[in-house]
Amino acid sequence: MASLAKRVELINESATLAVANKAAEMRREGHDIIGFGAGEPDFDTPEHIKAAAKKALDAGETGYAKPTHGIPQARAAVCEKFLRDNGLKYEPDQTIVTVGGKEALYLACLSLLEPGDEVILPAPYWVSFPEQVNLCGATVVYVAPKPGAGLHITPDQLAAALTPRTKVFIFNSPSNPGGFAYTPEETRAFAKVLEGRDVIVFSDEMYDRLRYGERREHLSFATISPHWYEHTITFNAASKSYAMTGWRVGYAAGPAKIIKAMAKLQSQTTSGTATFIQHALAAALTGDQTCVETMRAEFERRGRHMHERLTALAGVTCVQPTGAFYCFPDVLGTYARLGVTTSQGFCEALIEKAHVALVPGGAFGLDTHARLSFANSMDHIDKGLDRIERLLGRRA
Ligand code: PLP
């Protein structure tokens, strides 16, 4: 048997897998396990978007996408979305349509990163960021928030992480798994720290439409100044805002030179997203936007409720969710009582003793935390939280 390429060893198998496997095994044994793991909306894709895909299929839109990096209608829709929602004026040749947001991020890594390059990544982070950087042979420089900082890193911490090798800063706001968004003031302060450096910002704005609370304005990094317009790639997808995770369609916009490189790599790898799905993307981005607000409002209601219940638990603190659809509580205060020392141990104890599945924070770079998705019905949330409360008890 031939040996596997070394790059396979460079990346970690998902640490979330052990808990997911345990949950699957217990379900097979007949246990009723309540899962909070899934990072996807529990809503179905809105009808008008499905109708656009069906119409495209009926019209025979079943060949390769031409060009592979996005049919003109889809890239025009991407330009319309960025202008309407983000105040960003892009031309179609500055945009690319991809197989989910994930492909766009990976193509950008492949286009820019080489061994020796450093990528600054604030924790907690989405699990694929470090692995995509590792696959390019570049080095991840992690920046973890200080305890009590509400999961936010500071501009001073960013400054301390910079070296002459820094090539990319990954900025994901609203954050998966943090469930919070950086304020426009913080975002501008990060930009100021990076000024005068030859750094490209990957601004992952997958959750830009899913904001909660009183301050809901989203500042796109690329709008900060002409310099940042030239040095930022903005990533987004239909996945979260339009409940389209399984359609696998995302997009990005940025400097034409980098987008062109991404398109070249895409043309020799995936050949892009299916043509009829690109028509659905165009319908999602340019059609009636009421569906986004309906889902957002419901997520907000559920997030507030989940947060209230989590903060009532003994040994648990939790940042109020202001974006995405996750609560990311600090559960360190429960470890001694449960006889565990890691977030993995915490999640295993919760599955075994409360029959509730969470994702260990260690997978996202913070081993004192765990992630719960509130893209679940209120009933589901209450049933799961009742069980957790029976195990952990309420705070005094
Ligand atoms: N970026 C972040 C922060 C995410 O949470 C996700 C999905 O979970 C992605 C990118 C990838 O999105 P997609 O499913 O569109 O590939």
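## Ground rules

Because the model is predicted, local features need pLDDT of at least 70 and side-chain atom pairs count only at pLDDT 80 or more, while totals for chains, interfaces and linings use all residues. Numbering starts from 1 along each chain as its sequence is written, and side-chain values use heavy atoms, with hydrogens and water left out.

## Where the ligand sits

Let's start with the ligand, which sits in the largest pocket. Here a pocket is an open set of points on a 1 Å grid over the protein atoms alone, with protein on both sides within 12 Å along at least five of seven lines; a molecule sits in it if more than half of its atoms lie within 2 Å of its grid points.

Around the ligand there are 14 residues, and Asn-176, Asp-204, Ser-239, Lys-240 and Arg-248 come nearest (a residue is near if one of its heavy atoms lies within 4 Å). Helix α5, residues 100-112, gives the largest share of this shell, with four residues (helices are DSSP runs of H or I, at least four residues; strands are runs of E, at least two). The shell is made up of five nonpolar, five polar and four charged residues.

## Polar contacts and burial

A polar contact is a pair of N or O atoms within 3.5 Å. A ligand nitrogen lies 2.6 Å from a polar side-chain atom of Asp-204. Ligand oxygen atoms also take part: one is 2.9 Å from a polar backbone atom of Lys-102, and one is 3.5 Å from a side-chain N or O atom of Trp-126. Taken alone, the ligand exposes 390 Å², and the protein buries 92% of that (Shrake-Rupley areas with a 1.4 Å probe).

## The cavities

The whole structure holds three cavities of 30 Å³ or more. A cavity is a set of grid points where a 1.4 Å probe fits but cannot get out, and lining residues have an atom within 4 Å of a point; the volume is the space filled by probe spheres set on the points.

The largest cavity has a volume of about 90 Å³. Its lining has 14 residues, with Pro-122, Pro-124, Tyr-125, Asn-172 and Ser-175 closest to its centre. Strand β5 gives the most to this lining, three residues, and the lining has eleven nonpolar, three polar and no charged residues.

Terms used: Ala, Val, Leu, Ile, Met, Phe, Trp, Tyr, Cys and Pro count as nonpolar, Asp, Glu, Lys and Arg as charged, and the others, Gly among them, as polar. A polar contact is a pair of N or O atoms within 3.5 Å; within protein, one must be able to donate a hydrogen and the other to accept it, and residues adjacent in sequence count only if both atoms are side-chain atoms.
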